[in-house]
Amino acid sequence: MPADELPRPADRSWWLEEALALPEFAGPEAPALQGDTSADVVILGGGYTGMWTAWFLKEAEPDLDVVLLEQDICGGGPSGRNGGFLNGMYEDLGMLLERFGPEGRRTVEAAARSIEEIGAWCEANGVDAHYGLHGDLAISTAPAFDRQIAEMIEEAEANGVGHLYRELSAEEVRERFDSPVARIGATMSHTAGVQPARLARGLRRALIERGVRIFEQTPVTRLGVRTAIAETPGGTVRAGHAVLGLNAWSGAIAPLRRSLMVRGTYIVASAPAPERLEQMRWTGGEGVYDLRTAKQAGKATTGHALPPPNPEGPFPLNLFMEPGKATLEEMIASTERGLLVTRFHYSNIVHPVESTITGMTRDGTFWIEGGEVAYPVKNFRFTQSIIEALTNTESIGRDTELASEFFFSASRVPALKIASFKFSGRSDH
Ligand SMILES: Cc1cc2nc3c(=O)[nH]c(=O)nc-3n(C[C@H](O)[C@H](O)[C@H](O)COP(=O)(O)OP(=O)(O)OC[C@H]3O[C@@H](n4cnc5c(N)ncnc54)[C@H](O)[C@@H]3O)c2cc1C
């Protein structure tokens with residue numbers, strides 16, 4: 001595409017831009033907090049979590065004084081820039097039942113109820129969020145995925161939600177989605193779509209109308225835990241209760257960091273192409289996904305490899321390494337001179353076949369002298385074949401630790417004592 005035809009960069013998501021251009025979604029103003037105030041409940045974060053919490057609190061107790069603090073604008077985070085798919089988490093039902101039993105089913109039922117409830121809420125509150133109960137269409141794009149259509153339906157039937165699915169022949173798929181790559185498919189009737197930013201901004205307006213005090217451009221810099229006091233640059237909120245609705249930002253809060261796995265996801269938007277949709281007969285508004293994308297999105301995968309094709313080749317995304325017998329103290333005590341690395345970070349694959357990885361140390365690197373940790377040192381860069389390093393293993397720790405580097409992977413591994421490792425230079429940090 002020539003450079004002058006590229007879409008201009010957006011400051012906000014396209015969804016949010018569209019919504020904010022309309023007065024019913026832009027206003028009223030919610031200026032930053034200036035001064036100290038008190039409330040029954042203070043909510044941190046103006047995404048769906050924070051705003052729906054405020055909504056249901058006011059539903060339960062209309063006189064409750066609720067303050068909501070948002071560092072940016074309400075809907076400025078993922079709530080105003082997501083895919084807009086409302087689904088009942090049905091694909092996860094099997095896994096949720098297996099792991100959590102009846103609680104897993106209740107979770108899916110609650111998610112499923114929300115599909116209609118959001119539509120009814122928009123209707124009742126005059127929020128035109130382009131809500132549509134259109135359903136989904138799953139298609140197979142290669143013979144290897146044909147079987148999965150039947151498996152998907154079998155699993156749904158086994159979990160008691162088979163009535164929501166219907167298998168489609170190749171002809172039936174083409175009547176709804178005439179793509180040359182489409183083979184057989186299945187409809188899933190119980191999903192809806194919204195313009196997510198309109199929903200977020202409509203919710204914000206409804207909250208303000210209900211008397212929720214919203215302060216935007218108001219980052220909470222500290223939250224007192226014993227008494228809920230939210231500190232912000234312009235003032236404080238002292239409240240009986242605090243609710244955290246900070247989504248991925250919660251990863252910055254020390255007590256939560258270790259129990260959260262932050263992951264990312266992206267959407268790609270095209271320019272409107274109604275004629276093209278017409279040509280393809282894709283006019284029903286249903287979400288369409290092919291089973292390869294579903295696999296890439298993590299559905300029905302063992303989680304131990306990147307699905308093909310991928311630029312990295314085989315890749316252990318969920319590495320479990322069997323522990324050994326040594327304690328970390330023993331490993332240190334048996335080292336005359338060496339480095340204690342507590343974390344590798346920023347690692348990238350240089351040579352997949354040789355498993356050569358480059359990266360840096362982080363979060364504390366220490367010099368060991370005479371069997372004792374002597375002093376901290378600056379971080380090091382490294383470029384090392386992992387296979388080669390593992391062949392130099394001298395001892396393996398008996399305790400394992402969960403380590404996560406990428407958005408979507410985690411490893412449970414013991415400490416390793418390795419005789420030689422190629423550090424390539426010192427970092428400035
Ligand atoms: C690209 C993408 C596509 C997605 N597609 C879908 C989809 O199709 N369907 C679906 O169901 N889900 C989807 N999701 C997930 C969905 O968007 C999120 O689960 C949901 O928006 C989370 O809402 P939230 O209120 O918890 O978080 P957020 O919307 O992230 O809100 C958190 C808010 O907290 C604020 N904040 C952070 N730190 C502070 C602070 N210190 N002080 C004050 N405020 C602070 C942030 O500015 C933010 O506005 C998608 C997500 C992304 C990113």
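Two strands count as paired if DSSP finds at least two bridges between them. I start there, since the first part of this talk is about strand pairing.

Take strand S1, residues 37-44. Four bridges join S1 to strand S2, residues 66-69, and the two run parallel. In that pairing Val41 stands opposite Val66 in S2. S1 also pairs with strand S11, residues 235-244, through seven bridges, again parallel. There, Val41 stands opposite His241 in S11. Between S1 and S2 comes helix H3, and S1, H3 and S2 together make a right-handed β-α-β unit.

H3 brings me to the ligand. Helix H3, residues 48-60, supplies three residues to the shell around the ligand, the largest share. The shell has 29 residues, and those that come nearest to the ligand are Gly45, Gly47, Gly77, Gly83 and Asn247. What is the make-up of the shell by class? It has 15 polar, 11 nonpolar and three charged residues.

S14 pairs with strand S17, residues 365-369, over five bridges in the antiparallel sense. Within that pairing, Leu339 has Trp367 in S17 as its bridge partner.

The other is an open sheet of four strands, ordered S15-S16-S19-S22, also with antiparallel pairing. Its edge strands are S15, 344-351, and S22, 423-426, each pairing on one side only. Here the twist averages 15° from one strand to the next. Five bridges join S15 to strand S16, residues 356-361, and these run antiparallel. Asn348 stands opposite Thr358 in S16.

Now a helix pair. Packed helices are described by the angle between their axes and the distance between the axes. Helix H4, residues 93-100, packs against helix H5, residues 102-124, at an angle of about 145°, and the axes are 6 Å apart. On the H4 side the contact has Leu93, Leu96, Leu97, Arg99 and Phe100; on the H5 side, Glu103, Gly104, Arg105, Thr107 and Val108. By class, the residues of this contact are five nonpolar, three charged and two polar.

Two backbone details. Most residues other than glycine have a negative phi, and most peptide bonds are trans. Pro28 sits in the loop between helix H2, 23-26, and S1. The second detail is His130, which is not a glycine but has a positive phi of about 55°. His130 lies in the loop between H5 and strand S4, 136-139.

Last, confidence. The chain has a mean pLDDT of 88, with 90% of its residues at 70 or more. Over residues 300-305 the pLDDT is below 50, and this stretch has 11 contacts in the model beyond near neighbours in sequence. Where pLDDT is low, the predicted coordinates should not be read in detail.

Methods. Residues numbered from 1 in each chain as written. Predicted model: local features only at pLDDT ≥ 70, side-chain atom pairs only at ≥ 80, totals over all residues. Near = placed C-beta within 6 Å. Nonpolar A, V, L, I, M, F, W, Y, C, P; charged D, E, K, R; others polar. Axes fitted to C-alpha atoms, helices over the stretch in contact; angles between N-to-C directions. Contact = placed C-beta atoms within 7 Å. pLDDT = per-residue confidence, 0-100. Right-handed = clockwise from strand over helix to strand, strands pointing away.
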